[in-house]
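Subject: The two-chain model

Hi there,

Here is the model I promised to pass on to you. Have a look at it first, and my notes follow below.

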Amino acid sequence: MSASLSRDEVAHLATLARIDLTEAELDHLAPQLSVILDSVASLQGVASADVPPTSHALPLTNVFREDVVEPCLTPEQALSGAPEQELQRFSVPRILGDEQ
Amino acid sequence: MTTTTDTLVPFDEVLERYDPALGLEVHVELNTATKMFCGCPAAFGGEPNTHVCPTCLGLPGSMPVVNRRAVESAIRIGLALNCSIAEWCRFARKNYFYPDMPKNFQTSQYDEPICFDGFMDVDVDGETVRVEIERAHMEEDTGKSTHVGGLTGRIHGADYSLVDYNRAGIPLIEIVTKPIVGAGEKAPAVARAYVSQLRDLIVALGVSEARMDQGNLRADVNLSLAPKGSGTLGTRTETKNVNSFRSVERAVRYEMQRHAGVLDAGGSILQETRHWHEDTGITTSGREKSDAEDYRYFPEPDLVPIAPPREWVEELRGTLPENPTEKRARLQAEWGFSDLEMRDTVGAGALGLVEETIAAGSSPQAARKWWLGELARRANDSGVDLADLGVTPADVARIQALVDEGALNDKLARQVFDGLFAGEGTPDEIVAARGLAIVSDEGALSAAVDAAIAANPDVADKIRDGKVAAAGALIGAVMKEMKGQADAARVRELILDKLS
């Protein structure tokens, strides 16, 4: 099987994942990721028409919670792991262009 | 003020050369007691980061569990929009790095929405337009960022951002239309009518506060232009932050004119997010729109699929309210309101209140008069919705009944409302405690009239000479003497009797 991931695709994925990769790292990683993907893809050879695709291992549906308020964390607890905080809010580095 | 260098083509010329295609995405924030996947309160506001827990903060080891009532609301919205309800659907992770979601992903639905293939018939200037619904899916709201530093408070130029996660995880239903083509010059009006009537539907369902100004209902406007008659779809832009019905209409119109300017000059439209600016009525470039695959959606492994049993769906169908358009027509006929009176009542968010006031015994016109006059003014002054004023339809009906009986006049009735706002009890208790009832003691009234005549001999002479219009001055004097607690019509009768 030929390389299923191109070097460009790996570079794009690295950008999406906010990982800085050097040219040398791209050269090194792209073929490796392809091998991994191809290995996983070999599972598709086992699939047959009578095996429905599944995304969940548990044979469960409709697991619900009633709409009842439960205790929250205190703001002190919530912010205890924050590297920076101000005005009882999480302080994060400036954001450019990624607003949802 | 944000300004623009965009070339805008006059609206009429846009229509000569291009066909617009519209798409609307409306996010509805549900009014459940708790968030979508955890038991934190979904209440608006609160001190920063007080409605948070390990799940909505995305802390390691926490696990989400779906709110049953949010699923019910999603299904009811879907049914009201004539959608099919999926027999099986799942959640998906939408991955991105903006810190408004502490998990680095938003839990949403992607390839398997819970509701799909519906429609809503929209009245536009007396004409019915069918808007096809592509899907309605469940997801969660994001946290609120405040940008610090920089000049404008917007993202660009900010030094850092502060995030409050109280809103993160509040249930949202995103309702997406199919492209609306063929609307031509009516495209802006169709967009407005759709969002407005969708809001009516959401209110009738009772699943959201549905206030656009508070962000309970948020519209994104997709627009593209194609050469006239080509039957194709052009590249679209998605305009966000459109927070009123009027803005929806203006944003569509603006983007049509802007697209035409770009296309006329031989340019091509960039597929991007645009920001709507309410103050100047323009859009500015946001970010380039990511392809869906850049969000690397994948099935949410921590939530099992939802397979709504058909009995449950049918049970929920039984809870649907009367279709709002039909209901409005029925009520207008029953009440004898003019088109304008009806539009004003609906626009003020008073339809339900007026309906309940009438049900409590008031005449339709009296109910409308109080809610759209005195009470609308007070709600406006205090910046709250009519429904949150603290006055019930039963109160209004009782006060009007006292007016009808002749026990109160309008001026005294307003003082009873003062008492209601001050929490002084029921209308009858307030009338008694404040001594507001009209004085029906003829002896006292007669004495006051005699005193007024004696104090104003020249006015009395005029009336004796047949200048009945002069009676107003004497009525005023009597009403003052009686501290407003007299029936002005009876006072007038007494004056004319005595001076004839």
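Let me start with helix α16 of chain B, residues 471–481, where B:L474, B:A477 and B:V478 are buried. Viewed down the helix axis, these buried residues fall within an arc of 95°, so they line one face of α16(B). What does that face pack against? Just after α16(B) comes B:K483, which has a positive phi of about 55°.

Before going further, please keep in mind that this is a predicted model. Chain A has a mean pLDDT of 87, with 91% of its residues at 70 or more. Within chain A, confidence is lowest in α1(A), at a mean of 90, and highest in strand β1 (residues 64–65), at 98.

Most residues other than glycine have a negative phi. B:N82 is not a glycine, yet its phi is positive, at about 60°. You will find B:N82 in the loop between α2 and β3 (84–85) of chain B, and it is partly exposed, with 15 other C-beta atoms within 10 Å. B:N104 is also not a glycine and has a positive phi, of about 70°. The loop that holds B:N104 runs between β4 (92–95) and β5 (105–108) of chain B. B:N104 is partly exposed, having 14 other C-beta atoms within 10 Å.

In chain A, helix α1 (residues 7–16) packs on helix α2 (residues 23–41) at an angle of about 105°, and their axes are 9 Å apart. That angle makes α1(A) roughly perpendicular to α2(A). From α1(A), the residues A:R7, A:V10 and A:A11 meet A:L26, A:L29, A:A30 and A:L33 of α2(A). By class, this contact has 6 nonpolar residues, 1 charged residue and no polar ones.

In chain B, helix α12 (residues 410–421) and helix α13 (residues 427–434) pack at about 110°, with 9 Å between their axes. α12(B) and α13(B) are therefore roughly perpendicular to each other. On the α12(B) side the contact is made by B:Q415, B:V416, B:G419 and B:L420, and on the α13(B) side by B:P427, B:I430, B:V431 and B:R434. The classes here are 5 nonpolar, 2 polar and 1 charged.

Now to where the chains meet. How many residues does each chain put into the contact? Chain B provides 45 residues and chain A provides 36. On the chain B side, β2 (66–67), α2 (68–80), β9 (160–164) and β15 each supply at least two residues. The most comes from β9(B), with 5 residues. By class, the side of chain B that touches chain A has 25 nonpolar, 10 polar and 10 charged residues.

One residue to look at here is B:R296, in the loop between β15 (282–288) and β16 (298–299) of chain B. Leaving out residues up to four places away in sequence, B:R296 touches A:L16 and B:N95. B:R296 is partly exposed, with 14 other C-beta atoms within 10 Å. From B:R296 to B:A329 it is 33 residues in sequence and 47 Å in space, C-alpha to C-alpha.

Happy to talk any of this through.

Best wishes

Conventions
Residues are numbered from 1 along each chain as its sequence is written. Chains are lettered from A and ligands numbered from 1 in the order in which they are written. This is a predicted model: local features need pLDDT of at least 70, side-chain atom pairs count only at pLDDT 80 or more; totals for chains, interfaces and linings use all residues. Axes are lines fitted to C-alpha atoms, for helices over the stretch in contact, and angles run from 0 to 180 degrees between N-to-C directions. Helices (H or I, at least four residues) and strands (E, at least two) are DSSP runs, numbered from the N terminus. Angles under 35 degrees count as roughly parallel, over 145 as roughly antiparallel, 65 to 115 as roughly perpendicular and the rest as oblique. Two residues are in contact if their C-beta atoms, placed from the backbone, lie within 7 Å. Ala, Val, Leu, Ile, Met, Phe, Trp, Tyr, Cys and Pro count as nonpolar, Asp, Glu, Lys and Arg as charged, and the others, Gly among them, as polar. A residue is buried if 20 or more other C-beta atoms lie within 10 Å of its own, exposed if 12 or fewer, and partly exposed in between; C-beta atoms are placed from the backbone. The arc is that of the directions from the helix axis to the C-beta atoms. pLDDT is the predictor's confidence in each residue, from 0 to 100.
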